[in-house]
Each structure stands twice: as structure tokens, then as C-alpha cells.
Amino acid sequence: MFRFPPLTPLVKKLLIALFAAWIVQILLQNWAGVPTLALLALNTGSLGIHTLWQLGTHVFAFPTGPQAVVSMLLSLVFLWWMLAPFEQRFGQKRTIQLCVVSALSAALLGLLAGLVAPNPSPLFGAQAIILGTIAAFAWSYRGQGRMSFFGVIDMKPVHIIYLVLAFSLLMFLISGDAVALAADLGAVGGGMGFIEWLRRPPKRRRRRVKRGQRKSSFDVVEGGRADEPRWLN
């Protein structure tokens, strides 16, 4: 049966921050004449000092016209849908890391595409986090049976990623926006790569032996409860 996941603490703060940022942009751009979208969105056509902050702020940049209301609300709903289960499973720390990795991966590939595309478009919105989360969550269940997609269709985890990529390709065929396609691929690749990074085996730590001290034949093994996430076997 379909239902919304619980609203986890980090996701709640992120939704409030994104909505508040959108309202501020509406007031500044529509009523004060400040070009907030141009300042915050990633300008993929050129490199400059603006690129340094736009690599991070493009996630908080949104259009402020009447047509943007529906897309903004849908973005917030999808973030709740996708990110809350990830936070439940992996915790706040890993969720923050995933958001950063997804946003930067999308921005870097979108920037590379914009530098070679004839008419590069700016990159903005929280779609990178949404796609990165879908890819990461599905990839974390790779080889572990089937997943329920929106509580409606049972699919193999990797097929969910294929579906996301097919949707991005379809949007590219319709719009011809190479920057958006590259950003989507970057977000998906970043989410999958993040899970692979989490799966890496833990490094053994050896005690440094001081000069003149005899080295023991035993090593110290860290005990206690492992930090999130649980290792996926």
C-alpha cells in the first residue's frame, strides 16, 4: 500500500530551507529587481569567480514565475519521498554527504557539457539531489531481490536506475538540453559512486611503536557499535 515515509529531521530542515530560499528569491527578483536566479544558478557557459559559489548554490536556485509553483512543490514532495528513507537507513551524516556528492557531481558534468555545447543552459534546482538519492538507494540494494517503486511496481534495483536514465534521455530528446542530460548523468553516477565508497573495506589501524619500545605481536582492534551505514553484503 502506498504511503509517505516519515518526515525525518534532516529532510524536514532541508525542505524548509529550500522553500524559504524560494520565497526570498521571489521577493528579491519580482519585487526588488535583484537577479537572484542569475546569481545562484550555475552558469555553465563560462568559468569565473561566480563558479566558485554557484557550484553549491545552484541547488537553492529556482524560477520565480507563476509556472514554477507546481514544479517547486513537486520537487519538495519528491525530496521527501526519496531522501527520508535514505536518512532512516543511513543516518544524517551520510545523507548530508550524499546531497553534497550528488550536487557537485551534477554541477561538474553540467559545467563540462556547457563549455562545449553551442547554447548552454544554466543549471538550477534540487533535481540533482533527487536523482542522486534514487540511484544511491537503488544501488545499495543491488543483488538483494526486488524493490517496490513508489509502492506500485516491483522492480529489480538496477532497473529503477535504468528507468531514471531513460527518463533523462527522453527529456534530452525533447529539449535538446545537453547540460541537463550531463547533470542528470552526473547525479546518478555520484549516487552510485557514493554507495561504492561506503562499501569499501575498513582500513586497519596499527599502533605506532615508539623508538626503543618493543613491538607487540598483537594489534588493537576497534570495538563497539559500528557507525552508520551498516555494511551491505
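Analyst: Let's start with the words for the parts: helices (H or I, at least four residues) and strands (E, at least two) are DSSP runs, and they're numbered from the N terminus. By that count, the chain has eight helices and two strands. Keep in mind that what you're looking at is a predicted model. Walk along from the N terminus and the elements come as α-α-α-α-α-α-β-β-α-α. The chain has 233 residues, and 39% of them are buried.

Now to the part you asked about. How many salt bridges does a search of the whole structure find? It turns up two. As a general point, side chains of opposite charge can pair when their charged atoms come close. One of the bridges joins the side chains of Arg-142 and Glu-196, with 3.1 Å from N to O. Arg-142 sits in the loop between H6 and strand E1 (147-149), while Glu-196 belongs to helix H8, so this pair ties together parts that are 54 residues apart in sequence.

Glu-196 has another partner as well: its side chain meets that of Arg-199 in a salt bridge of 3.4 Å, N to O.

In general, rolling a probe the size of a water molecule over the atoms shows where empty space is left. Here, the largest pocket holds about 1100 Å³ of space. Its lining counts 37 residues, and those nearest the centre are Ser-75, Gln-127, Leu-131, Phe-167 and Asp-184. Helix H4 (68-90), helix H6 (127-140), helix H7 (157-175) and helix H8 (178-198) are the elements that each give two or more residues to this lining. Sort the lining by type and you have 27 nonpolar residues, eight polar and two charged.

One more neighbourhood is worth a stop: the nonpolar surface patch. It covers about 910 Å² and is made by Leu-47, Ile-96, Val-100, Leu-104, Leu-108, Leu-109, Leu-112, Leu-115, Val-116 and Leu-185. Helix H5 (residues 92-116) supplies the largest share, eight residues. Take Ile-96, which is in helix H5; at 41% relative accessibility it counts as partly exposed. Leu-109 is in helix H5 as well, and it's partly exposed at 37% relative accessible area. Leu-109 and Leu-185 are 76 residues apart along the chain, yet their C-alpha atoms are separated by 7.8 Å.

Beyond helix H5, have a look at Asn-119, placed in the loop between H5 and H6. At 73% relative accessibility, Asn-119 counts as exposed. From Asn-119 to Thr-44 is 75 residues in sequence, but 9.7 Å in space, C-alpha to C-alpha.

Conventions
Residues are numbered from 1 along each chain as its sequence is written. This is a predicted model: local features need pLDDT of at least 70, side-chain atom pairs count only at pLDDT 80 or more; totals for chains, interfaces and linings use all residues. Side-chain values use heavy atoms; hydrogens and water are left out. Patches are made of residues with over 30% relative accessible area and no salt bridge: like charges are joined within 9 Å, nonpolar side chains (Val, Leu, Ile, Met, Phe, Trp, Tyr) within 5 Å. Accessible areas come from the Shrake-Rupley method with a 1.4 Å probe; for residues, only the protein chains shown count as cover. A salt bridge is a side-chain nitrogen of Lys or Arg within 4 Å of a carboxyl oxygen of Asp or Glu. Buried means under 20% relative accessible area, exposed over 50%, partly exposed in between (1.4 Å probe, protein chains only). On a 1 Å grid over the protein atoms alone, a cavity is a set of points where a 1.4 Å probe fits but cannot get out, and a pocket is an open set with protein on both sides within 12 Å along at least five of seven lines; lining residues have an atom within 4 Å of a point. Grid points are joined across faces, edges and corners, and a volume is the space filled by probe spheres set on the points. Ala, Val, Leu, Ile, Met, Phe, Trp, Tyr, Cys and Pro count as nonpolar, Asp, Glu, Lys and Arg as charged, and the others, Gly among them, as polar.
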